[in-house]
Amino acid sequence: MTQDSKRVTLSNVRFSFVNILTPREPQDGGAPKYSTTVLLPKSDVAGKQRLDAAIEVAIQEGISSKWNGQRPAAPNIPVHDGDGLRPGGEPFGPECAGHWVFTASANLSYPPQVVDAALQPILSAAEVYSGMFGNVAIRTF
């Protein structure tokens, strides 16, 4: 399995809780991270299939490298139905309706590359904000 098979690009997603130019410390403590919540429209069936395939590749890699050859009964799949409940039991906000919801993050060693439509680096947080639409390339693990 190659690293590329765990990488997926999704187009026309909506961003929420955007912290991709300045890292933020998690609410439960720990090291600061870059992160954003990604809202993938349920109408993007092909995008969801690519995301699911990348997650499955990561699970298969985990079976051999982390779980001693055994698939866990319920591996942690961090993609949630925005029409349902959060893992803690509370409902998602109305902006999540009709979307698949997940958080993408990176530690300080691997800051995300943020570019505009012309592939020029974006350096101003005013240009990347919650509620905007864009494309995202992620790597599952």
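I started with Arg-50, which counts as partly exposed because its relative accessibility is 39%. (Buried means under 20% relative accessible area, exposed over 50%, and partly exposed in between, with a 1.4 Å probe and protein chains only.) Before going on, I noted that this is a predicted model: local features need pLDDT of at least 70, side-chain atom pairs count only at pLDDT 80 or more, and totals for chains, interfaces and linings use all residues. Residues are numbered from 1 along each chain as its sequence is written, and side-chain values use heavy atoms, with hydrogens and water left out.

Where does Arg-50 sit? I found Arg-50 in helix 1, residues 45-65. (Helices are DSSP runs of H or I with at least four residues, strands are runs of E with at least two, and both are numbered from the N terminus.)

Next I checked what Arg-50 touches. Not counting residues up to four places away in sequence, I got Val-8, Thr-9 and Leu-10. (Contact means heavy atoms within 4.5 Å.) Arg-50 and Thr-9 are 41 residues apart along the chain, yet I read 8.4 Å between their C-alpha atoms.

Then I turned to Ser-16, which lies in strand 1. Is Ser-16 buried or exposed? Ser-16 counts as buried, because its relative accessibility is 12%. Leaving aside neighbours within four places in sequence, I listed Thr-36, Thr-37 and Ser-130 as its contacts.

Strand pairing came next. (Two strands pair if DSSP finds at least two bridges between them.) Strand 1 (residues 7-24) runs antiparallel to strand 5 (residues 133-139), and six bridges join them. Strand 1 is also antiparallel to strand 2 (residues 33-41), with five bridges. I picked out Arg-14: it stands opposite Phe-133 in strand 5 and opposite Leu-39 in strand 2.

From the N terminus on, I wrote their order down as β-β-α-β-β-β.

How many of the 141 residues are buried, as a percentage? I got 33% for the chain. Of the contacts between residues at least 6 apart in sequence, 64% join residues at least 24 apart.

Last entry, overall dimensions. Along its principal axes, the C-alpha trace spans about 45 × 35 × 35 Å.
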